[in-house]
Structures are given as C-alpha cells and as structure tokens.
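Good morning, and thank you for making time for this presentation. Please have the sequence and the structure open while I speak.

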Amino acid sequence: MWLPWGNKKMPLRIHDTSSPFSCSSFKDIQHLCTQDSSASSKRNANVFHRVRIVNSLLRSWGPSRTGKITDSVSDPSISIPGAEKRVVVYFTSLRVVRSTFEDCKTVRSILHGFRVSIDERNLSMDSRFLNELRGILGQSNLTLPRVFIGGRYMGGAEEIKQLHEIGELKKIVERLPAAEPGTCVVCSGYRFLLCNECNGSRKLYTQKSGFKTCTACNENGLIRCPSCSCAQL
C-alpha cells in the first residue's frame with residue numbers, strides 16, 4: 001500500500017519476526033529439520049536401549065540344559081522354593097488405592113490368559129501373605145502386585161506389562177505345565193472358607209472365660225481351603 005503524500009508522519013507497522021513460526025530463510029528450515037531428526041533419533045535410541053535391557057535380563061533368566069529357569073544374575077536369592085511349576089502372584093483386591101487395584105487387575109488378567117497354574121495370594125484376605133512377601137524380598141515398604149514365575153522373581157506391574165508387550169512373557173510362561181481344568185469343589189476357587197470354630201465371627205464363648213478371640217482363623221474369620229490353597233503353600 002502506498003503512503004499518502006504530505007508532510008504528515010504516519011506510523012509504520014513493522015512485522016514481528018520473533019515468532020517461533022516465522023522463518024526468514026531456507027537456512028532456518030534446514031536447522032529446524034536437523035533438530036527434529038536428532039530428537040526423533042534420540043527417542044528411538046531410548047526405546048532400543050530399553051529393549052536391549054529387557055533382552056539381557058531374559059537371557060539371564062533363560063532355561064538351562066535341564067529345562068528349568070536359571071537364577072537371576074541381579075539377585076539369585078529372590079525365589080520361592082517349591083514353586084518351580086507355577087506362577088505366584090501377590091496382589092490385593094481392595095480398591096483403597098485405585099492405581100494399585102488396576103495394576104493387580106491388569107497383571108492377573110494377563111497371566112490368566114496363558115492358562116497355566118497360578119497361585120494367587122491375596123493380601124487383603126490374609127495378612128500373613130504380607131509378612132511372607134516381606135521375608136522373601138527383604139523389604140518393608142512394598143508395592144503390589146509382585147510376580148514369581150517358575151519360582152523366580154519377575155517384578156511388578158511395569159515389568160510384567162513390558163515383557164508381555166514384546167512377546168517374551170509368553171515364552172517364559174509356556175515352559176510351565178498347563179493348569180488343570182475345573183475349580184475346587186470345596187471353596188469354588190476362592191481358596192478361603194469360613195472358620196469351622198467361630199463361623200467367621202472371630203469370637204468364641206465359654207462359660208469359664210466368656211467371649212474370647214478365635215485363634216484358628218485370620219483377622220477376617222477365614223481359613224485357607226485345605227483342598228487347594230494349603231496344597232500349594
């Protein structure tokens with residue numbers, strides 16, 4: 001647009017080139033493309049680095065010549081004796097912490113899809129499972145779930161989900177025998193029954209001492225099913 005004639009001064013609008021979307025030359029475009037490609041290569045490198053770490057851990061957990069899962073190089077002392085032929089999951093069914101409940105639900109859903117023998121130890125049903133897990137891991141502050149496969153400690157929710165995403169969890173679980181069809185006829189698969197002594201009330205009455213706390217059951221008035229749970233522990 002032409003400026004008007006005369007001596008009257010008119011303000012001129014100058015285009016602001018400080019915007020991050022402006023580009024004054026092809027040299028700037030080349031610089032931006034170089035930055036974008038370097039950032040993309042950095043993200044790919046991080047992904048490949050994580051995959052290499054997982055693969056190295058899986059090789060250390062790989063089967064020996066006898067077909068059993070070998071000890072973990074990181075900490076071979078973390079294991080559950082007598083659980084070489086099944087999966088053991090420590091979890092909680094309480095919804096107090098939503099993220100913990102969702103992690104437990106997701107991990108259990110993944111493991112049940114392989115149709116292998118799973119020993120599910122619900123800490124909300126029996127607090128002795130918590131003491132048991134603390135003794136195995138040697139830690140007091142624990143997050144759930146915690147998974148053991150073939151007697152070996154595999155980690156928590158993040159480790160199980162990552163192994164499942166890259167297809168390596170299936171290779172590990174397939175070494176275990178398939179689960180027997182059907183559920184327990186005694187407890188219907190719940191693995192706990194009402195206490196025979198107090199019928200779940202946690203209180204016993206005697207004429208000599210009156211009411212007293214039942215010592216035959218846990219804090220929920222339950223006992224482990226003698227048909228399935230106690231056979232696995």
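**Surface, salt bridges and a buried loop residue**

Helices (H or I, at least four residues) and strands (E, at least two) are DSSP runs, numbered from the N terminus.

A word on the basis of these values. This is a predicted model, in which local features need pLDDT of at least 70 and side-chain atom pairs count only at pLDDT 80 or more, while totals for chains, interfaces and linings use all residues. Residues are numbered from 1 along each chain as its sequence is written, and side-chain values use heavy atoms, with hydrogens and water left out.

I turn now to charge pairs. How many salt bridges are there, if one is a side-chain nitrogen of Lys or Arg within 4 Å of a carboxyl oxygen of Asp or Glu? The count comes to eleven. One of them joins Asp103 and Lys161, at 3.9 Å from N to O. Asp103 belongs to helix H2 (residues 98-112) and Lys161 to helix H4 (residues 157-165), so this pair ties together parts that are 58 residues apart in sequence. Both ends are partly exposed: Asp103 has a relative accessible area of 24%, and Lys161 has 23%.

Lys161 also forms a salt bridge with Glu158, their closest N and O atoms being 3.7 Å apart. These two residues are three apart in helix H4, which means that about one helical turn separates them. Glu158 is partly exposed, at 47%.

A further salt bridge, at 3.4 Å from N to O, is that of Arg224 and Asp126. This pair links distant parts of the chain, 98 residues apart: Arg224 is in strand S8 (residues 222-224), and Asp126 is in the loop between strand S2 (118-122) and helix H3 (128-137). Arg224 is buried at 19% relative accessible area, and Asp126 is buried at 0%.

Next, helix H3. Phe129, Leu133 and Leu137 are buried there. They cover an arc of only 60° around the axis, so they lie on the same side of H3; the arc is taken from the directions from the helix axis to the C-beta atoms. The buried residues of H3 pack against strand S1 (87-91), S2, strand S3 (146-149), strand S4 (152-155), strand S5 (192-194) and S8, where contact means heavy atoms within 4.5 Å. Just after H3, Gly138 takes a positive phi of about 70°.

Finally, Asn218 lies in the loop between strand S7 (210-213) and S8. Is Asn218 buried or exposed? Asn218 is buried, with a relative accessible area of 4%. Its side chain reaches the backbone nitrogen of Asn220 at 2.9 Å, and a polar atom of that side chain lies 3.0 Å from the backbone nitrogen of Leu222. Leaving aside residues up to four places away in sequence, Asn218 touches Met125, Asp126, Arg128, Phe192 and Arg202.

Conventions: Buried means under 20% relative accessible area, exposed over 50%, partly exposed in between (1.4 Å probe, protein chains only). A polar contact is a pair of N or O atoms within 3.5 Å; within protein, one must be able to donate a hydrogen and the other to accept it, and residues adjacent in sequence count only if both atoms are side-chain atoms.
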